[in-house]
Amino acid sequence: MDNNWRNIRGAAAALEEVGIPVSKGIVAEFERSFKSMPHETLDSLNVTAMLLSALGVGHYDYRSHEWTPTSDVVYSFDTEVSDIDRMYTLFLKGVQAISGEEFEITQVSEEEFEITQVSEEAGGVEYPTGRETRIVRFLLDGRECLYTARGNYDWFDMGMLDYLNEALVLTGNPKRLFFMSDGYQECIIFYCTKFWAKRFEKKTGCPLYDHTD
């Protein structure tokens, strides 16, 4: 068997072993995409991460601006977000999709505030700095949550994952959001126990992080 196909099928088989289904259609699509790719190029790619990104990215309708999940096990998103005004709303919807209905996120709202600064040289005149902060409010199993996200143009504030994990701790939930990168700007998230995360790492060779230790 060609090394290219062995990498793709081997990565898919490893994911299947930890309970992440990979359809034959996705494997075939990857094989078609990599058909003309040199072996050394494919060997340098994290095929496992690429498969997970494809599985968890969901579907975004650019006409209705609605996002629907494509997996209940893995959620992935580009940290350079296209729907800026709802980046955290859509993120929480993605997290809810992989929750197994073990918790509920409701009443999500986002409000952007422009950061201003007073100029003493201009006689105390207040002026915008060009930076923003976004207040994200939601209920986690009825508990009020508020996160102040740092504005950085269209980039997602990754501190939101740490905040949500801290909120899960406060509810007594033994599971956490573990995450990894595809090596570029895709964030791949699982809702699982530490035991499962370690098993995933052992099977796939991909480290997972939760930042709660």
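Which strand supplies the largest share of the lining of the largest pocket? Strand S3 does, with 4 residues. Select 74-78 to bring S3 up; along with H5, S3 is one of the elements that give two or more residues to that lining.

Before going on, a word on what is loaded. This is a predicted model, where local features need pLDDT of at least 70 and side-chain atom pairs count only at pLDDT 80 or more, while totals for chains, interfaces and linings use all residues. Residues are numbered from 1 along each chain as its sequence is written, and side-chain values use heavy atoms, with hydrogens and water left out. Helices (H or I, at least four residues) and strands (E, at least two) are DSSP runs numbered from the N terminus.

**Stop 1: the largest pocket**

The largest pocket has a volume of about 340 Å³. Now pick Trp67, Phe77, Asp78, Val81 and Ser82, the closest to its centre of the 18 residues that line the pocket. Colour the lining by class and you get 11 nonpolar, 3 polar and 4 charged residues. (Ala, Val, Leu, Ile, Met, Phe, Trp, Tyr, Cys and Pro count as nonpolar, Asp, Glu, Lys and Arg as charged, and the others, Gly among them, as polar.)

For the search terms: on a 1 Å grid over the protein atoms alone, a pocket is an open set of points with protein on both sides within 12 Å along at least five of seven lines, a cavity is a set where a 1.4 Å probe fits but cannot get out, and lining residues have an atom within 4 Å of a point. Points are joined across faces, edges and corners, and a volume is the space filled by probe spheres set on them.

**Stop 2: H5 against H6**

Show side chains for Tyr88, Phe91, Leu92 and Val95 in H5, which meet Met160, Leu161 and Leu164 in H6 (contact means heavy atoms within 4.5 Å). That contact has 7 nonpolar, no polar and no charged residues.

**Stop 3: the cavity**

A search of the whole structure finds 1 cavity of 30 Å³ or more. About 100 Å³ of space lies in the largest cavity. Centre on Glu112, Arg134, Gly151, Asn152 and Tyr153, the nearest to its centre among 13 lining residues.
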